[in-house]
Amino acid sequence: MADKIADKNEKTFDSDSPSAQDLGSSTEVVGQVRDISGFEEQKAALGSAHFHRLGWKRLTVVLIVEAIALGSLSMPAAFATLGMVAGTILSVGLGFLAIYTSYVVGQVKLKFPEVQHYADAGRLIMGKFGYELIGAMFVLQLVFLVGSHCLTGTIAFLNITNNGTCSLVFGVVSAIILLLLAIPPSFAEVAILGYIDFVSIMAAIFITIIATGVQRTDIGVSSDWSAWPQEDITFTKAFIAITNIVFAYSFAICQFSFMDEMHTPKHFVKSIWALGLIEIVIYTLTGALIYCFVGQGVKSPSLLSAGPMVSKIAFGIALPVIFISGSINGTVVGRYIHGRIYRNSLTRFINTTKGWVTWIALITAITIIAWIIAEAIPFFSDLLAISSALFVSGFTFYFPAIFWFMLIRQGKWNSKENLAKSVLNGLVFIIGMIVLVGGTYASIVDIMDGYTQGKVRGAFTCAPFE
């Protein structure tokens, strides 16, 4: 079945892909055909080389930039809701499932090299409808991610300055920083900032863990952490916590885009194992230790739990990761939209005047929309939860399961060699559906309750975050 689908879709992608002849003839002018064609061929060759410079080590760094940021900041609050036992099991279990589904995504890319973004994989399983549907989900999720980073940047500036000015001002400042960092279109260039990004988040988490531990020792009273879920836990609270953990492992969404820039794509396995294990260790230790030290009163993002002075220091150190990790999502969605608009044009390589003008205009529009989202949903956990429920549930879980059944599997699903993987992918699909339905419901209810009970500031207001 997978082979038949491969043959069927090979023609589809070939018909959409620009040929050298298409590039050479797109702007031909009488009397200048050869000169312009030669110029375009040179630009196309340079553009293609520029966007195929990633090795597996740089891919790991880029994945770390995209993955390890906001997720770690929501883990302690999730542990507080679910309890130490369930929090740890979910953090480790969902982490290994995310590694597996990321492996499936990589297999699809190797089998179908023409797939450049997640939406292209949607075309393989559902044709034009799948391409448009998953493309829309892809764009919305990444814009949500940029918005959530914009929101975190606003929270950080307000915390550092003791609510020194209108929160809308800090929101605009955060959006401008995200815009500037998203302008470089190649992921290989982002990898250079990745080292700063990783050191930033690790230092911020390390400071928060030490500070909360010292504060607990100084108090001299044991923390009220529990191995079990909160006594008054509701369905809504539980699913908000679960979707925040799911959000932490959402790196598969950008994997097709990143692998498309690899010079040796088959080395992706090293990257996803390195990233996955690093994430599991960081998320589990961060969630468990900060929750253990702070107790039920732990906040989200977790840096707020370090105390007034230390949280300012932690947020200051975390600024690079907030903006670098946020900007790469803007770059990914920009590359998808720009490449789709200029599929058969030299402009898609972003190495001409028109290419740069259209690219900067697009990134600006994406950032403005993300800022609007950040101001319209100004509370951290629910923004992550609704994003995870609607989109990450698919990109990380049920879509890879479908990929395996439709594109990767060889032979019958219940054959001896496929039975174990069929059960595993069936379980992954079910988990994705549960997160989609339960998480979306819980997020909507929690948002409505938050506004009704006056727990959050209004949208588009100067009021500080509580």
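Guide: K109 is buried, with a relative accessible area of 4%. Buried means under 20% relative accessible area, exposed over 50% and partly exposed in between, with a 1.4 Å probe and protein chains only. This is a predicted model, in which local features need pLDDT of at least 70 and side-chain atom pairs count only at pLDDT 80 or more, while totals for chains, interfaces and linings use all residues. Residues are numbered from 1 along each chain as its sequence is written, and side-chain values use heavy atoms, with hydrogens and water left out.

Visitor: Which residue forms a salt bridge with K109?

Guide: A salt bridge is a side-chain nitrogen of Lys or Arg within 4 Å of a carboxyl oxygen of Asp or Glu. For K109, the closest N and O atoms of the pair are 2.8 Å apart. The partner sits in the loop between α11 (255–259) and α12 (268–294), 151 residues from K109 in helix α6. The partner is D260.

Visitor: Is D260 buried or exposed?

Guide: The relative accessible area of D260 is 15%. D260 is therefore buried.

Visitor: How many residues apart in sequence are the parts that R340 and E132 tie together?

Guide: R340 and E132 form a salt bridge, with their closest N and O atoms 2.6 Å apart. R340 lies in helix α13 (residues 308–341) and E132 in helix α7, so the parts tied together are separated in sequence by 208 residues.

Visitor: In which helix is confidence lowest?

Guide: pLDDT is the predictor's confidence in each residue, from 0 to 100, and its mean for the protein is 85. Helices are DSSP runs of H or I with at least four residues, numbered from the N terminus. Helix α6 (residues 84–111) has the highest mean, 96. The lowest mean, 40, belongs to residues 20–25, helix α2.

Notes: Helices (H or I, at least four residues) and strands (E, at least two) are DSSP runs, numbered from the N terminus.
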